[in-house]
Amino acid sequence: MTFLATITSTLFSLNTVYVMTGIVLFVFAALNLLDRTNKTRFGTATFWLTLALIFALGSVLPTWVLGLMVLLLVAIDGAGRVGRGVASDDEVTMSGQIHAKESKLGNKIFLPALFIPFVTFSFAFVFKRLGLNPNDGALVGLGFSGIVAMVVGLLLTRGTLKEAFQEGRRLNDAMGAVNILPALLASLGVIFTASKIGDLIAQGIHKIIPGQNLFLLIIANCLGMALFTMVMGNSFAAFPVIAAGVLVPLIVKPFGVDPAMVAIVTLTAGSTGTLMTPMAANFNIVPTALLDMKDQYGVIKFQIPFALTIWIMHVLVMWIMIRTL
Amino acid sequence: MHIPEIFKLLGIAIVIVGLALRLRTTLVVVTAALVTGLLAGLPLFTNQGVFEGLPYLTQAGSQEGIINMLGRAFAENRLMTLFILTLPAIGLAERYGLQEQSARFIRRFKAATAGRLLIIYQLFRVLMGILGIRLNGHPAFVRPLTYPMTLGAAEATARVKTVDSLPVKTVEKIKAANAASENYGNFYGQNLSPVLPGILLVYGVMKGLGYPVSLWSLVKFAIPIATLSVVIAAIQFWWFDRKEAKRLAAVSESRQ
């Protein structure tokens, strides 16, 4: 490793970014604690403070302490103690349109947002050139892009740091505990694997589809993913189960397939399920209310022909990619 | 104690039933994880440090405990929540009119028909995905922006001045098509960025399963389906235009 690469990998490491995220979360926690309009301000502040600590100290604390902290997060959310203040609720105004300040910035207002992908990709590129892991580059870049975008935004709008953090907190509060869901679901996948759930499902499917018929296994994989997503209303929740139970043991392992190729197609096979289920209320039911539709299932009905077509495409694309690449 | 293998699937049943009953998702997921681990005979804690030799909580041997696993996996996957660092910047931009300017940007696209407008909106949504920008599209863009624009296009086709003169069936279909355009663009566009949650979830899960993948190859292999989603949707919206054009032409004729 060259001198430059060593400097880069210590200064611009994932750990630095995790600590910075911890600091931002700490500020969000403090702002919530001071927000008297938030009826659950103590629970909310404890939740974000705990997450801040997991972020900042995740690489040094013993895993059992981290595990208990995760349980604490879930307990606070489970008890309904993660909320947001009335003031921030008022500012959300669905599209955030009413409370925006008058400004004559025009298209320049896109600049901070555009710096995020720009910095992210630049980091990935530089990491790659220095012989470091470009995956880490993208993630470290994402972290630093937030800081760069904030500085650009402050210079551009002449807004204050306080405004930036209050507005950031508004967005964070609006998402709430959903923020931790992807990491939680990935953890569920790890525990499923350790419990050998995958092998169990794989054996069951092998009883229905004997032998090594790749095409039928692809259908089982994409169908399982879509159906699981329809029942759970969430393709992210279905993915760890299907990946551990079908994709890896029945397709990736026996056929020696590139895992990246089939994994992402499996995830979007779940999205076809999302298009057809009322369980995904945010996407299919809430809009009918927003648009004042007569038929609660109007959006789903419109989406079904598209979803079925693209589901068939998933099977074909996966099959063709495995056979040709 | 030996538990029949099949009972290990109880965890999956908990996820399905819990989410179907709309119970708190985080609680359902962690309960399923704990139950699955316990039924598989895993100890709660690893047999080391303060827990060494404790009955019930640990087992002899070096098997990793469920709580340890939960903490380790969560910490390893906290990269999925890194976007929190971008929230102050995005929030600040919104305070100074990011959403309004986006609205102005979209309004500039004048299209003759509702279907064509929605094709453009879906492309815009895919572009946002490529840039890794998160939008809450239904309330922020569809309701205040694309929906009125598509209605306007339909009114022009039917040569009427108000929504009330449009066939109810057409208006309802336009509403559904608007919501669908947002969903299509969002679901398939977001996997074109290595820093949006879909890609990061796959990255984390596959690593956990012992098959590490790179973020970039995930994005690369998301391209075929994303492209097909745009093509298939364009065909659907084109077909939609054709069908509704007949209905709207009838309105236009009956008024002459």
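**Figure 1. Confidence of chain B in the predicted model.** Chain B has an average pLDDT of 90, and 98% of its residues score at least 70. The model is a predicted one. Within chain B, helix 8 (residues 168-189) has the highest confidence, at a mean of 96, whereas helix 5 (residues 98-107) has the lowest, at 81. The model as a whole scores ipTM 0.88 and pTM 0.87.

**Figure 2. Helices and overall dimensions of chain B.** Chain B contains 10 helices and zero strands. Its pattern along the sequence is accordingly written α-α-α-α-α-α-α-α-α-α. For the 256 residues of chain B the globule rule gives 18 Å, but the radius of gyration is 25 Å, well over that value, so chain B is more spread out than a compact globule. The C-alpha trace of chain B spans about 90 × 40 × 35 Å along its principal axes.

**Figure 3. The interface of chain A and chain B.** On the side of chain A, 146 residues are in contact with chain B, and 123 residues of chain B take part in return. The two chains bury about 11800 Å² between them, with 77% of this area on carbon and sulfur atoms. Three residues of chain A, namely A:Leu291, A:Phe302 and A:Phe306, supply 7% of the area that chain A buries against chain B, more than any other three residues.

**Figure 4. Polar contacts, and the side of chain A that touches chain B.** Across the interface of chain A and chain B, 23 residue pairs are in polar contact, both residues being at pLDDT 80 or more. Helix 7 of chain A (residues 134-157) provides the largest share of the side of chain A that touches chain B, with 14 residues. By residue class, this side of chain A comprises 94 nonpolar, 40 polar and 12 charged residues.

**Figure 5. The salt bridge between B:Arg24 and A:Asp77.** Over all chains, the structure holds 15 salt bridges. The pair shown crosses between chains: B:Arg24 lies in the loop between helix 1 (10-20) and helix 2 (25-39) of chain B, and A:Asp77 lies in helix 4 (residues 63-78) of chain A. The closest N and O atoms of B:Arg24 and A:Asp77 are 3.7 Å apart, and the pair is counted as a salt bridge because the cut-off for such a pair is 4 Å. Five salt bridges are found by the rule across the interface of chain A and chain B.

Key. Residues numbered from 1 in each chain as written. Chains lettered and ligands numbered in written order. Predicted model: local features only at pLDDT ≥ 70, side-chain atom pairs only at ≥ 80, totals over all residues. Heavy atoms only, no water. Contact = heavy atoms within 4.5 Å. Buried area = accessible area lost by both parts, 1.4 Å probe. Salt bridge = Lys/Arg side-chain N within 4 Å of Asp/Glu carboxyl O. Polar contact = N/O pair within 3.5 Å; in protein donor to acceptor, adjacent residues only side chain to side chain. Helix = DSSP H or I, 4+ residues; strand = E, 2+ residues; numbered from the N terminus. Nonpolar A, V, L, I, M, F, W, Y, C, P; charged D, E, K, R; others polar. pLDDT = per-residue confidence, 0-100. Rg over C-alpha atoms; globule rule 2.2 N^0.38 Å.
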